[in-house]
Amino acid sequence: MQKSVRYNEGHALFLSAVARKEGTKRGYLSKKTAENSRWHDKFFALYQNILFYSENEQSARPAGIYLLEGCTCERSPAPKMSTAGKEALEKQHYFLIVFGHDGQKPLELRTEEESECDEWVEAIQQASYSDIIIEREVLMQKYIHLVQIVETEKVAANQLRTQLEDQDTEIERLKAEIIALNKTKERMRPYHVNHENEDPDIKKIKKVQSFMRGWLCRRKWKIIVQDYICSPHAESMRKRNQIVFNMVEAETEYVHQLYILVNFFLRPLRMAASSKKPPISHDDVSSIFLNSETIMFLHEIFHQGLKARIANWPTLVLADLFDILLPMLNIYQEFVRNHQYSLQVLANCKQNRDFDKLLKQYESNAACEGRMLETFLTYPMFQIPRYIITLHELLAHTPHEHVERKSLEFAKSKLENLSRVMHDEVSDTENIRKNLAIERMIVEGCDILLDTSQTFVRQGKSLSGHSTAYHTYLFCLIPFNVHFCSFL
């Protein structure tokens, strides 16, 4: 005899009481019974991903419980009936809850109001614990970014506070020197001149001398400014500012490209994967767009920081922005390592006609400007080298005594090391994939090709002794040994 499933009844009753008071959606619905296909009004209460129903709103115990994790909910047409009951059916709105395993009959429900029906369908569709986990991960990433920004701002605030204290000390010292100089000047004066009794001609001479001194000062200052404008240092600063302005424009364009990738491809395909007949699975979507959404959030923060620095022009301080960006670049490392695999998954998915048709519809959007999804997936691959080039140009026009030079050199070295590591990882991964692809082409297999220490060298065709027989030769280099394999 099969035993019944045990569950914590006390906790279920507690959740039922909570659902009646604080449930996401509550109200009366008509439920179709499985025994005699009749409709009965029950009070339903949705709490998280559990649906309770009872005889009425005052019932202390629920009459039934449905677990909604992995289920789908959709509107359904009214059942066909005779002409006499057709008018009554038109006032009802039906929807189904389809469970995620075979052998379970769908739950049929109906309401009298269409808006009420739509609200129930939307609430049940969103009752998924897995979606909550995904949203939590996204919020945690944002929280980590914000915490890092706050820590950086605290360090900057402490530095500014220290500078202000030093400047206050310097101001007090200068005030003391001015007071001492004024006292010395007073002691050196032999007598005070009475300006009221001064000769009018002397007053005119002093006035002319004052104008002349002002004109000479302005002329000297103008010469100093013109000399600086024409100096190599000023030219270097102009070029440096132009590099920063170009960097902001390039970052704006890059954020726009990531926005198109996420909002015109990733999120629509993620919704399509949740449909009743999905053209693509959630795993394939995750494989194709790995870390794309996180990269977009990261560069939106970086872009806002750049615009804030431009607002403080001509004072341009960029080193602290790169200090925020550098700890998060392991996200790029995962994206670059997955790039070749994502293109392979995308190519396999395109063999599905429904997916290919849907993708072409997305790519025909005016915002894409005729570019394909593969193009948008390639943009992040070039961002780290672009930063390295920009930092090289900035350092070329940054004086050695500049306050940011050491920070920019540190950021450049970190980016170069990361770029070198990503290049090696992509080369190693691509080498292993080529060797495995060759091993699958051999009819009886080749154990030598399964050695990960070997390096793919060349693949080509060669004419054998017979004029009509061709062999494909594969050369794979193993340390201290060269192996030569051929197959028909």
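Colleague: In this predicted model, which residues touch the most other members of the largest nonpolar core?

Modeller: In soluble globular proteins, nonpolar side chains tend to be buried together. Here the largest nonpolar core holds 58 residues, and F265 and F289 touch the most other members. Helix α6 (residues 232-273) supplies the largest share of this core, 14 residues.

Colleague: What is F265 in contact with, leaving aside its neighbours within four places in sequence?

Modeller: With those neighbours set aside, F265 contacts I260, F289, L359, Y362, E363, C368, L373 and F376. There is also a second, separate core of 20 residues, with L29, L51, C71 and C73 among them.

Colleague: I turn now to the sheet. In what order do its strands lie?

Modeller: Strands of a sheet pair through backbone hydrogen bonds, either parallel or antiparallel. In this structure, seven strands make an open sheet, ordered β4-β3-β2-β1-β7-β6-β5, with antiparallel pairing. On average, neighbouring strands are turned by 35° against each other, direction ignored.

Colleague: How many bridges join β6 to β7?

Modeller: Five bridges join β6 (residues 93-98) to β7 (residues 107-111), and the two strands run antiparallel. As one instance, Y94 has R110 in β7 as its bridge partner.

Colleague: Which strands does helix α1 touch?

Modeller: Helix α1 (residues 9-22) packs on the sheet and touches β1 (25-32), β2 (39-47), β3 (50-54) and β4. The direction of helix α1 makes about 95° with that of β2.

Conventions: Residues are numbered from 1 along each chain as its sequence is written. This is a predicted model: local features need pLDDT of at least 70, side-chain atom pairs count only at pLDDT 80 or more; totals for chains, interfaces and linings use all residues. Side-chain values use heavy atoms; hydrogens and water are left out. Two strands pair if DSSP finds at least two bridges between them. Helices (H or I, at least four residues) and strands (E, at least two) are DSSP runs, numbered from the N terminus. Axes are lines fitted to C-alpha atoms, for helices over the stretch in contact, and angles run from 0 to 180 degrees between N-to-C directions. Contact means heavy atoms within 4.5 Å. A nonpolar core is a set of buried Ala, Val, Leu, Ile, Met, Phe, Trp, Tyr and Cys residues joined through side-chain atoms within 4.5 Å. Buried means under 20% relative accessible area, exposed over 50%, partly exposed in between (1.4 Å probe, protein chains only).
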